[in-house]
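Subject: A structure for you to explore

Hi there,

Here is the structure I promised to pass on to you. Have a look around it first, and then read my notes below.

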Amino acid sequence: MPHKKIRVPSANTMAVAIALAWPLCAQSAVPAGAAAEIISLQGAGDQRTANATAWQPARPAQALVAGDFVRTREAAKMALLFADDTQLRLHQNTVLQVKGVATPAQPVTTLLLSAGRAWTQTRRADGSRLNLETPAATAAIRGTDWHMSVEDDGRSVLTVLSGTVEFSNAQGLVSVSANEAALAEVGKAPVKLVLSQPRDRIQWVNALGADPVPHLAAEPVPPVLAPVLRALAARDVAAARAALAQARGTVPPAWAAALESAISLQAGDLRLAREQLAAQLSANATASAAPHAPLAAWLMQSDLQLMDGEGAAAVSTLRDALARWPRHPAILAQLARVQMLTDRVDEATVTLAQAQGTAHIDLALVRAELARRQGDAPGTLAAYTQATQLATDDARGWQGLGSAHTEREDTGPARENLQRALALAPLAPGAYGELGTLETFVNQFTEAGHAFATALGDNPADYVALTGQGLLHLKQGHPQAALDAFLRAGVMEPRYARAKTWTAVAYYQLGRHQDALATLRHAIALDDKDPVPHMLLAQIHTDLFEPGEAVEAARAAVQRMPYLKSLNQVANDQKGSANLGASLAFFGMEDWALELAQQSFYPYWGGSHLFLADRYPGEFNKNSALFRGFLTDPMSFGASQRYSSLLQRPGSHGAVGVTLDRELY
C-alpha cells in the first residue's frame, strides 16, 4: 500500500476559518428543550400531543416533547434520537408514546409501545435507565441493544442482542441476556423463549433503499419507454409519469404495470409499490406460467422484502424468478446480495459460483461487495474495476471503486472515481458522503464541509455523510458534536462498522471508557477483518492499566494486519504508543514487545518507527528510526503522554517535573 501524504490547511486562510466554524452550525443531538427528534421518516407517519385526539402528519427533523405520541402507517419506518442518546427505530403500524425523558431529578426515560415493533440501542453517560412499557410488561434497560414486538392483543416479545434486560409485570420477572428472548402476555408472568437466529428479528432495521433503474435494465425494454427510463434515472417522478401516460396503449400492459411500480418506488410510496407488485406477481404464481411480468417486477419485489427484513421471502421471490429465467445474471446477483445482507455469506459465495465466468455489471458489483466483506482488498478493487469497464456510464461501479480507495486512503484514485460517479449521478446515495470522508481523512476541512452540506441537504439521514461529519468534528476537537452525528448515523444503519469505530473514539475522548470498549467490540462483530478496532482496544486497555486485555487485543490485531486498510488516522505520540508492541512493553516483556512490533511492522506508519527507535542499539539506528517516524507522522509531536486521543485532534499538552530535596543538619 503506497504512503499517503496528509495535507494540513493553513490556519491563516479564511477558508479554514469557515471550515472551523462549520461544526458550530452543524446538527446537535436534539433541539434544545426537546425530548426527542424524528431523524428519518420513510413512508407515512403521524404525531400528536398528549392532550390532542387528532393525529397530524409527522415530518423529519420534528421535535417531540414528553407526552407526545408518534405512529407509523403501512410500509413506513421512523427513526428517533432522544436527548439521553437513546436510538430508536419504529417498524410499520407501530404506536409509541414518549412518556418522559431522564433528567437529573428523574433518571429514568419511559416509553410506551402500544403496538408494533421497535428496535432500541442505548448507552448512557449518567447511568440512567430506560423503561419500555407494553400492555403486557415493562422492560428495564441500562445499556443494551434489543428489539420489542407488540401484537394487537398485547402479547409482547422481547429479543436482546447485547446486554441484559429485566422484563417484568405484576405476575413475575425474568432477566433476559444477549441472544435470548422472552414472551409476556397480559395477566401472565413473562417466560423465556428459545430463538435460533435472534438477529433475524431486526433485519428490518436498515438504511437500504430501492432503486428500480438498474432492475429495469435487466432485460430489453420496449424503445417507446426510453423517455420513462431517462426520467427515472434523473429522479424526475413527474416527467416519468407524464412519459408513461403518453406511451400507454402502445406497450404491453405488463410493462406499463412494472413501470408504475418503479415510479411509486422512486416517489417513496412503498405501500403503493408493494400493492402494485403483489398484483403483478400474483398472476405469475406458478413456475409453469409464462413470464408475463417483466423480470424487474421480481427484482423490485425482492428489494422491498429485503428492506422490510423479510430475507427468506426475498430469497423465495428470487428463486421463483430463477425458475422462469434460469441462471439469469441479474437474478443471481440479486440473490447473492440478499444472502450477503442477511449474513448468509457462504450461501452468497455458492450463488455467485453458478455465474462464474459471466461478465455482468450486477455480478461484478456483488462480487466486489462480497470480497470487501471478506477483507479481500485486491479482489474488491478488481471487481469494481471490472464493473466500471462493463458499464462506463453506471455510477455504481465508480462509486464503489472510489469508496474502496477511500478506505485505503489512496487519495488520488479515490477522489477521481468519486467525482466521476457524481458526474454521472449527482444524487447517488452516499457518494457525497464518501467524498467528504475522503477530504476529512486528508484534513481538507473546507472541502469536506461542502460535501457533507450537499449530502445532508439532499438527505439529512444519509448515514455515510453523518459518519464522515462526525469524523470531521473529532478531528477538529469537538467530540460531543461528533457523538451526536455518529448517533444519528447509527440509528439509520446500526450495522455500519466505520461509524461504530469512530463512535467508540468519541466516547473515549469524552471519558466514557466502558461505552468506548463496548462499542469497539460491536465494531469488531460487524467487521472482524479490520485490525484497527483491535488496535484501539489495545490502546484503551493500556491507558486504563489493564495490560492483560491490552495484550489480547494487540495479538488479535496482529492476526488481522493482512487485511489492513489504513493506519493514517490512528494517533501517535513520540514513543509510538499506538504500536501493537506497546501493550507488551507496558507489561515489561521487552523481547516479546519487539517481536510483536516487528510482526506488525508497517513502513508507512510512524508508530512502527517511533516505537522501534527506543529498541534499536546505537545512536545512528535510533536516530534513523526517529527521523523516519517523524517524517511519516509529523503530528506525533505534542500528543498527550497519559491518555491517547486514538485519533489525531488539536490540543495543548504539557508536562511539569518537580524535584524535592531535603537536607538534614
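**What I found**

Tyrosine 496 is buried, with a relative accessible area of 14%; buried means under 20% relative accessible area, exposed over 50%, and partly exposed in between, using a 1.4 Å probe and protein chains only. Before going further, please keep in mind that this is a predicted model, in which local features need pLDDT of at least 70 and side-chain atom pairs count only at pLDDT 80 or more, while totals for chains, interfaces and linings use all residues. Residues are numbered from 1 along each chain as its sequence is written, and side-chain values use heavy atoms, with hydrogens and water left out.

**Tyrosine pairs**

Rings of Phe, Tyr and Trp (its six-membered ring) pair if their centres lie within 6.5 Å; planes under 30 degrees apart count as stacked, over 60 as edge-to-face and the rest as tilted. By this rule the protein has five aromatic pairs. One of them joins tyrosine 463 and tyrosine 496 edge-to-face, with 5.0 Å from centre to centre and 80° between the planes. Tyrosine 463 lies in helix H17 (residues 463–475) and tyrosine 496 in the loop between helix H18 (479–492) and helix H19 (497–509), so the pair ties together parts that are 33 residues apart in sequence. As for the names, helices (H or I, at least four residues) and strands (E, at least two) are DSSP runs, numbered from the N terminus. Tyrosine 463 is partly exposed, at 22% relative accessible area.

Tyrosine 602 and tyrosine 604 also form an edge-to-face aromatic pair, with 6.0 Å between the centres and 85° between the planes. Tyrosine 602 counts as buried at 12% relative accessibility, and tyrosine 604 as partly exposed at 34%.

**The protein as a whole**

How many helices and strands does the protein have? There are 26 helices and 17 strands. Along its principal axes, the C-alpha trace spans about 110 × 65 × 50 Å. With 665 residues, a compact globule would have a radius of gyration near 26 Å, and the 27 Å of this protein agrees with that. Here the radius of gyration is taken over C-alpha atoms, and the globule rule is 2.2 Å times the number of residues to the power 0.38.

Buried residues make up 55% of the 665 residues. The protein exposes about 28,200 Å², and carbon and sulfur atoms supply 54% of that area. These accessible areas come from the Shrake-Rupley method with a 1.4 Å probe; for residues, only the protein chains shown count as cover.

Contact means heavy atoms within 4.5 Å. Among contacts between residues at least 6 apart in sequence, 55% join residues at least 24 apart.

The protein has 56 positive and 62 negative side chains, and the centres of the two sets lie 2 Å apart. Lys and Arg count as positive and Asp and Glu as negative, leaving out His and the chain ends; the place of a charge is taken as NZ of Lys, CZ of Arg, CG of Asp or CD of Glu.

Valine 224 is partly exposed at 37% relative accessibility. Not counting residues up to four places away in sequence, valine 224 touches Ala247, Thr250 and Val251. From valine 224 to alanine 557, the C-alpha distance is 57 Å, and the two are 333 residues apart in sequence.

Is glutamate 439 buried or exposed? Glutamate 439 is buried, with a relative accessible area of 6%. It sits in helix H15 (residues 431–441). Leaving aside residues up to four places away in sequence, glutamate 439 touches Arg415, Gln444, Glu447 and Ala448. Glutamate 552, in helix H22 (residues 547–559), is exposed, with a relative accessible area of 59%.

Lastly, look at two backbone angles. Asparagine 179 has a phi near 65°, a positive value in a residue other than glycine. Asparagine 179 lies in the loop between strand E15 (172–176) and strand E16 (180–184) and is partly exposed at 45% relative accessibility. Arginine 235 has a positive phi of about 60° although it is not a glycine. Arginine 235 is in the loop between H3 and helix H4 (237–247), and is partly exposed at 37%.

Happy exploring!
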